[in-house]
Amino acid sequence: VKISNEFTLRRPLGIASTAGGRVKIFYRVVGRGTETLSAKRTGERLNILGALGNGYSPREGKILLVGGGMGLAPLLCAAEKFSADVLMGGRNRGEVTFWQEEFRPHVEEIFITTDDGSLGKGGFVTDALSDVLARRNYSAVLTCGPEIMIRGVAKLAAEKNLPCEVSFERRMACGLGACLSCSIDTLSGRRKVCKDGPVFDAKEVF
């Protein structure tokens, strides 16, 4: 999203929903760009480049979605398309309650962790993942969030021989694959998150 001419770079935002032919995007105010975006009003125009890259692969069976913080946004879009449960993590009860309401119409079960233990299991999603995976015969794990989290999720999925796709969160300077600012190392060499991703097979990148 190009917020205004005063910002050189766009802000990369994940699509959270396409239900009803409308695009829904969530964001958290963390800096000057998103603060300016939060001041926009209905009727104002934004310059948007996208949608970019790829999404999660079509899957059969029950999927487990695993996300933390704003990484839950693109998983909500997956929940609209797949038969899924979700394991969600947040800093506290207030943050997770928001996501509960968004996911509830689209998933069968919601499992929760909070950093401060105010709701669900105390700790991180990786602390609860093994127990959740033991509850049902999931066909795949789809995850998005901080890299340290998705690495942990991918490791546990591999131990269970479950297919796992990860969606990377990266700052993207151009969004066209030209500037290489969002490049990551994979088994196939350097790949660009904006063009080749943001979704990758976990075995390819970890």
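Two strands count as paired if DSSP finds at least two bridges between them. Helices (H or I, at least four residues) and strands (E, at least two) are DSSP runs, numbered from the N terminus. This is a predicted model, in which local features need pLDDT of at least 70 and side-chain atom pairs count only at pLDDT 80 or more, while totals for chains, interfaces and linings use all residues. Residues are numbered from 1 along each chain as its sequence is written, and side-chain values use heavy atoms, leaving out hydrogens and water.

**Stop 1: the sheet.** Select the strands in the order β6-β5-β4-β3-β7-β8-β11; these seven form an open sheet with mixed pairing. At the edges are β6 (121–122) and β11 (199–201), each with a single partner strand, so one side of each has no neighbour in the sheet. Next, show β8 with β11: they run antiparallel and are joined by three bridges. S167 has V199 of β11 as its bridge partner.

**Stop 2: helix α3.** Select residues 93–103. Buried here (under 20% relative accessible area with a 1.4 Å probe, protein chains only; exposed is over 50%, partly exposed in between) are E95, V96, W99, Q100, E102 and F103. Look down the axis of α3: the buried residues fall within an arc of 165°, so they line one face of the helix. The arc is taken from the directions from the helix axis to the C-beta atoms. These residues pack against β2 (24–25), β3, α2 (72–81), β4 (84–90) and β5 (110–114). At the start of α3, select N92, where a side-chain oxygen comes to within 3.2 Å of the backbone nitrogen of G94.

**Stop 3: the largest core.** A nonpolar core is a set of buried Ala, Val, Leu, Ile, Met, Phe, Trp, Tyr and Cys residues joined through side-chain atoms within 4.5 Å. The largest one has 29 residues, and L64, V66, L87, L129, V141, V166 and F168 have the most contacts inside it. The largest share, six residues, comes from α5. Now select L129. Apart from neighbours within four places in sequence, L129 is in contact (heavy atoms within 4.5 Å) with L64, V66, L87, V153 and L156.

**Stop 4: backbone exceptions.** Most residues other than glycine have a negative phi, and most peptide bonds are trans. Select G50 and A51: the bond from G50 to A51 is cis, with omega near 5°. The bond from G197 to P198 is also cis, with omega near 5°, and P198 lies in the loop between α6 and β11. Finally, select N161, in the loop between α5 and β8. Phi of N161 is near 60°, a positive value, and N161 is exposed, with a relative accessible area of 70%.

Technical notes
A polar contact is a pair of N or O atoms within 3.5 Å; within protein, one must be able to donate a hydrogen and the other to accept it, and residues adjacent in sequence count only if both atoms are side-chain atoms.
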